[in-house]
Amino acid sequence: MANQEDNAQSLARTILYQLGVELKARFTSFGGWEMPVQYSGISREHEAVRNTAGMFDISHMGKFTLQGKNLISQLQFLVPSDLSRLQPGQAQYTVLLNPQGGIIDDIIVYYQGEDAIGIQKAFIIVNASTTAKDKVWLLQYLDQNQLQFQDLSLEKALIAVQGPKAIKYLQPLVQQDLQPIKAFGHLQATVLGKPAFIARTGYTGEDGFEVMVDHDVAVKLWQSLHDAGVISCGLGARDTLRLEAAMALYGQDIDDTTTPLEAGLGWLVHLDTTGDFIGRAVLEQQKAVGVRRRLVGLQTQGRNIARHGYQILSAGKVVGEVTSGTLSPTVGYPIALAYVPTQLATVGQQLEVEIRGKAYPAVVVKRPFYRSKNRITN
């Protein structure tokens with residue numbers, strides 16, 4: 001018991017933690033933080049995001065701001081995506097790669113533009129558990145004589161408002177018109193009379209916004225949204241929502257031993273560009289000869305849920321492993337992501353999952369498992 005208490009005390013807490021306590025949230029350890037796993041129940045929270053609106057405390061995520069001359073060209077060496085395509089107010093989901101082509105982290109780069117004297121600005125949002133690692137990696141390669149790097153992770157709060165009615169609830173609290181913002185668009189805004197950064201991004205497969213504000217504004221924003229009827233959501237619903245949308249979770253579906261081509265993220269690898277980047281040679285080779293394994297979507301029969309770490313079988317032999325799995329609240333059957341050999345990765349391929357010592361049928365299916373009709377495009 002004493003060890004559990006010591007562990008809880010060692011976890012970081014966001015500025016919204018106390019509001020979670022008041023709302024009787026259940027908490028869990030995640031990425032070094034004590035985070036709400038659910039408030040009123042995962043199913044209710046999941047359904048709210050799919051049908052109306054829900055909000056998530058994601059203040060635990062890493063938040064970096066960078067500015068300086070040649071910022072984009074310097075960042076370009078660290079990612080496989082062509083950042084030169086970004087216009088001010090646009091963002092790119094991408095990955096930091098190691099020399100083996102493995103994913104150090106998946107990140108979003110928000111480009112804010114260039115001023116009259118050539119100073120470029122950008123925000124980078126990274127995962128909570130990798131914030132320290134990412135910071136070291138970025139500073140190792142970026143020229144700190146040319147660039148200013150600021151870690152705002154502990155200074156700023158981040159709230160995600162997600163769902164088809166997200167704009168309805170958020171707009172009355174924001175001075176600027178949110179409607180013109182395209183998917184992965186962003187802007188400097190005024191929320192409850194205070195400066196804010198708003199992006200039309202998310203991790204649920206629905207339309208929605210992520211709002212970065214000072215701590216005092218975050219508490220007022222959460223309370224205002226709650227009073228307006230927005231459902232408070234925890235990590236449990238965030239996981240079922242992102243899995244239905246087949247969005248990767250770092251540390252489970254992707255890590256520093258998986259490449260973006262293996263993980264089904266080939267769309268963010270722009271090998272047609274001329275610039276060099278860390279891991280390029282490995283990805284070029286994989287592109288030329290093919291990958292040996294792929295991340296696939298699986299559907300199992302009945303209520304048999306394939307969980308993280310469960311083994312995938314073919315003809316009685318172990319051929320792969322489940323990375324994420326759940327019973328999908330929206331489509332109503334068990335879904336999972338798993339790595340399998342490329343020759344077994346075709347849609348329709350029959351496989352088996354070992355669950356509690358018994359093999360159950362599974363079939364490779366298209367991803368995502370669910371595609372929202374409410375999502376906007378660029």
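## Stop one: an aromatic cluster

Select Phe77, Trp137 and Tyr141: ring pairs link these residues into a cluster. A pair here means rings of Phe, Tyr and Trp (its six-membered ring) with centres within 6.5 Å; planes under 30 degrees apart count as stacked, over 60 as edge-to-face, and the rest as tilted.

Before you go on, note that this is a predicted model, in which local features need pLDDT of at least 70 and side-chain atom pairs count only at pLDDT 80 or more, while totals for chains, interfaces and linings use all residues. Residues are numbered from 1 along each chain as its sequence is written, and side-chain values use heavy atoms, with hydrogens and water left out.

By the ring rule, the count comes to eight aromatic pairs. (Helices, H or I with at least four residues, and strands, E with at least two, are DSSP runs numbered from the N terminus.)

Is tyrosine 93 buried or exposed? Tyrosine 93 counts as buried because its relative accessibility is 15%, whereas tryptophan 267, at 54%, counts as exposed. The cut-offs are under 20% relative accessible area for buried, over 50% for exposed, and in between for partly exposed (1.4 Å probe, protein chains only).

Now go back to tryptophan 137 and tyrosine 141, a tilted pair at 4.9 Å centre to centre with 55° between the planes. They sit four residues apart in helix H5 (residues 131-141), so about one helical turn separates them. Tryptophan 137 is buried at 14% relative accessibility, and tyrosine 141 is partly exposed at 33%.

## Stop two: the sheet

Show the strands S5-S6-S7-S4-S8: in that order they make an open sheet of five with antiparallel pairing. Two strands pair if DSSP finds at least two bridges between them. At the edges are S5 (90-97) and S8 (147-151), each pairing on one side only. On average, neighbouring strands of this sheet are turned by 25° against each other, direction ignored; the axes are lines fitted to C-alpha atoms, and angles run from 0 to 180 degrees between N-to-C directions.

Zoom in on S5 and S6 (residues 103-114), which run antiparallel and are joined by eight bridges. Glutamine 90 stands opposite tyrosine 111 in S6.

Most residues other than glycine have a negative phi, and most peptide bonds are trans.

Next, pick alanine 246, with phi near 55°; look in the loop between helix H8 (235-244) and helix H9 (280-289).

Then select arginine 367 and proline 368, joined by a cis peptide bond with omega about -5°. Proline 368 lies in the segment after strand S19 (358-365).
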